[in-house]
Amino acid sequence: MIFAGRHFKFEFPGRALIMGIVNVTPDSFSDGGQFFNPDRAIEHAQDLFREGAQMIDVGGESTRPGAPAVEEPEELRSVLPVIEALVKSVQVPISVDTHKPAVACAALKVGASIINDIAANRSDDEMWRVAADTGAGYILMHMQGTPQTMHLAPKYADVVSEVSDFFADRLKQVQRCGVKPEQVMLDPGIGFGKTVKHNLELLAALAQFKVHERPLLLGVSRKSFIGKLVGGEVQDRGPGSLACAVWAVLSGVHCIRTHDVAPTCQALRMIEEIQHAG
Ligand code: 7PJ
């Protein structure tokens, strides 16, 4: 299986990938907006690259539950200079975490390679046309609702089968728009319109998503369900996040999206050493 797009190609089975998170938002819940300044965001991304990230995800739109939407000009102003600088200074693909087709398009123009679309539950196909026309990688994430509404009353008869049906349906739709399967990575969207119980059920069932024959990405880093289950303020949720990452990779997940690249890298490399010896 491969995950490939403009400027990159990853082959599986292979080492699990680590995507380092760079938020260029004033109010990110997980890092308090400390990388809102573009120079600091760039330095931070370069640190994550040196620590072993194989992709860098740049986002300018807070998806904190209930956060106000960011207008397009503001989002462009915050992410483009960072992406432009990173394309020149780190040797790994850059993804743009946005649900706006115009932002994705502009980011790809300055050298990003992957669209990280948390709103793959969208009702129009403009974003998929951008992915098809540019050949960019496309991370297809499940969310119930929107970041403004998703936390209000998440409801599923069976969250695992609903997410799986969503993947099957969206894979068909994106291909109809001209996106190749190899461009797509799937993500169950932990915390996006899900209760703690839904998140746990999805984590427990990750291996089932292999049926779609696409690589899987998981984002659990510092998320609130960890605090609710085992305690810990946002900055103290590293160990819980790492446990989820290890569990995910042992369940067949191919890529971990994380704020804490160095510890995640060490943990995943350690698992690989053990697997190799067995
Ligand atoms: C995710 C994301 C995730 C993908 C965010 C946060 C909230 N993109 N963007 N998957 N989460 N693909 O980092 O806690 O889980 S923003």
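Okay, a bit of housekeeping. What you see is a predicted model, where local features need pLDDT of at least 70 and side-chain atom pairs count only at pLDDT 80 or more, while totals for chains, interfaces and linings use all residues. Residues are numbered from 1 along each chain as its sequence is written, and side-chain values use heavy atoms, with hydrogens and water left out.

Let's go to the ligand. Which residues come nearest to the ligand? They are Thr63, Asn116, Asp187, Lys223 and Arg257, out of 13 residues around the ligand. Being near here means that one of a residue's heavy atoms lies within 4 Å of the molecule or strand in question. By type, that shell divides into six nonpolar, three polar and four charged residues.

Asn116 has a side-chain N or O atom 2.7 Å from a nitrogen atom of the ligand. Lys223 has a polar side-chain atom 2.7 Å from a ligand oxygen. With Gly219, a polar backbone atom is involved, 3.4 Å from an oxygen atom of the ligand.

How much of the ligand does the protein bury? Taken alone the ligand exposes 380 Å², and 95% of that is buried by the protein. Those areas come from the Shrake-Rupley method with a 1.4 Å probe, and for residues only the protein chains shown count as cover. Two elements give two or more residues to the shell: β7 (137-141) and β9 (217-219). Helices (H or I, at least four residues) and strands (E, at least two) are DSSP runs, numbered from the N terminus.

Next, salt bridges. The structure holds twelve, each being a side-chain nitrogen of Lys or Arg within 4 Å of a carboxyl oxygen of Asp or Glu. I'll also be saying buried, which is under 20% relative accessible area, exposed, which is over 50%, and partly exposed, in between (1.4 Å probe, protein chains only).

Take Asp260 and Arg222 to begin with: their closest N and O atoms are 2.8 Å apart. This pair links distant parts of the chain, with Asp260 in the loop between β10 (255-258) and α9 (261-277), Arg222 in the loop between β9 and α7, and 38 residues separating them. Asp260 has 21% relative accessibility, so it counts as partly exposed, while Arg222 is buried because its value is 16%.

Then look inside helix α9, where Glu272 and Arg269 sit three residues apart, about one turn of the helix. Their salt bridge brings N and O atoms to 2.9 Å. Glu272 is buried because its relative accessibility is 15%, and Arg269 is buried, also at 15%. Through shared partners, salt bridges join Arg15, Arg269 and Glu272 into one network.

One more pair: Asp125 and Arg129, with closest N and O atoms 3.0 Å apart. Asp125 has 29% relative accessibility, so it is partly exposed; Arg129 is partly exposed too, at 41%.

On to the backbone. Most residues other than glycine have a negative phi, and most peptide bonds are trans. So where are the departures here? Phe12 and Pro13 are joined by a cis peptide bond, with omega about 0°. Pro13 lies in the loop between β2 (8-11) and β3 (17-23). His7, in the loop between β1 (2-5) and β2, has a positive phi near 70°. At 59% relative accessibility, His7 is exposed. Glu213 also has a positive phi, about 55°, and is found in the loop between α6 (196-204) and β9. With 60% relative accessible area, Glu213 is exposed.

Last stop, the surface. Leu200, Leu229 and Val230 make a nonpolar patch of about 270 Å². Patches are made of residues with over 30% relative accessible area and no salt bridge, joining like charges within 9 Å and nonpolar side chains (Val, Leu, Ile, Met, Phe, Trp, Tyr) within 5 Å. Leu229 belongs to helix α7 (residues 224-230) and is partly exposed, at 43%. For contrast, Ile56 in strand β4 (residues 55-59) is buried, at 0% relative accessibility.

Methods
A polar contact is a pair of N or O atoms within 3.5 Å; within protein, one must be able to donate a hydrogen and the other to accept it, and residues adjacent in sequence count only if both atoms are side-chain atoms. Ala, Val, Leu, Ile, Met, Phe, Trp, Tyr, Cys and Pro count as nonpolar, Asp, Glu, Lys and Arg as charged, and the others, Gly among them, as polar.
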